Amino acid sequence: TKTLGMHGETRHQLALPLSLHRHFGRWSIFAGAEPSYTLGVQGSIQELTMMPTQGKRSKVQNVVESVSEGWLPTGPYRTWNMRIQSGAKYRINKGLFVQGTLSYQIMDDLKILPDILDQRRPSPLSAGLSIQIMLEQ
């Protein structure tokens with residue numbers, strides 16, 4: 001039995017984050033939405049072959065072979081998507097900030113396709129921690 005698997009490892013998206021901020025001294029909190037448009041996907045197409053093994057016990061062995069790598073067809077991926085996000089930012093000094101975010105992707109990145117195409121689905125929930133440095137002119 002052979003099955004094709006498309007594994008998108010890098011998604012190139014154009015995103016427009018929209019959020020409301022509330023400031024409390026050195027702290028600020030924010031919440032909003034981020035619509036995004038998929039420009040392209042890079043990854044690999046793999047072929048999974050299930051082969052019976054020889055021996056005393058009957059087993060099935062999976063053999064994975066990479067068919068191609070590079071830009072993937074965007075057909076299985078949603079063109080438009082929406083992410084909800086919230087977070088907090090702390091001002092350490094005039095030009096240095098630390099920010100934590102939590103976001104949830106409303107729709108799955110992948111469209112529903114026939115079972116013949118095995119797809120790796122990413123988690124809809126993500127968390128991030130960043131440091132911002134602002135330079136003055």
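Tyr 90 stands opposite Val 98 in S6, in a predicted model for which local features require a pLDDT of at least 70 and side-chain atom pairs count only at pLDDT 80 or more, whereas totals for chains, interfaces and linings use all residues. Residues are numbered from 1 along each chain as its sequence is written, and side-chain values use heavy atoms, with hydrogens and water left out.

The protein chain has eight strands and zero helices, where strands (E, at least two residues) and helices (H or I, at least four) are DSSP runs numbered from the N terminus. From the N terminus on, the order of elements is therefore β-β-β-β-β-β-β-β. Contacts (heavy atoms within 4.5 Å) between residues 24 or more positions apart make up 64% of those with a separation of 6 or more in the protein chain. Of its 137 residues, 21% count as buried, the classes being buried at under 20% relative accessible area, exposed at over 50%, and partly exposed in between, with a 1.4 Å probe and protein chains only. The accessible surface, computed by the Shrake-Rupley method with a 1.4 Å probe and, for residues, with only the protein chains shown as cover, comes to about 10100 Å² for the protein chain, and 58% of this area belongs to carbon and sulfur atoms.

Strand S6 pairs with two strands named here, pairing being assigned if DSSP finds at least two bridges between the strands. With S5 (residues 80–93), S6 forms 10 bridges in the antiparallel sense, and the two are joined by a hairpin through two residues. With S8 (residues 125–133), S6 likewise runs antiparallel, over nine bridges, and Leu 102 stands opposite Ala 127 in S8.

Ser 126, in strand S8, is partly exposed because its relative accessible area is 31%. Although Ser 126 and Leu 102 are separated by 24 residues in sequence, their C-alpha atoms are 5.9 Å apart. Beyond its neighbours within four places in sequence, Ser 126 is in contact with Arg 83, Thr 101, Leu 102 and Ser 103. Two of these involve polar contacts between side chains, at 3.2 Å to Arg 83 and at 2.7 Å to Ser 103; a polar contact is a pair of N or O atoms within 3.5 Å, of which, within protein, one must be able to donate a hydrogen and the other to accept it, and residues adjacent in sequence count only if both atoms are side-chain atoms. By contrast, Ser 28 in strand S3 (residues 27–52) is buried, with a relative accessible area of 5%, and is in contact with Arg 22, His 23, Gly 87, Ala 88 and Lys 89 when neighbours within four places in sequence are set aside.

Leu 102 also contributes, with Ile 84, Tyr 104, Ile 106, Met 107 and Leu 125, to a nonpolar surface patch of about 560 Å². Ile 106 lies in the loop between S6 (96–105) and S7 (117–119) and counts as partly exposed because its relative accessibility is 45%.

Notes. Patch = residues over 30% accessible without salt bridge, like charges linked within 9 Å, V, L, I, M, F, W, Y side chains within 5 Å. Salt bridge = Lys/Arg side-chain N within 4 Å of Asp/Glu carboxyl O.
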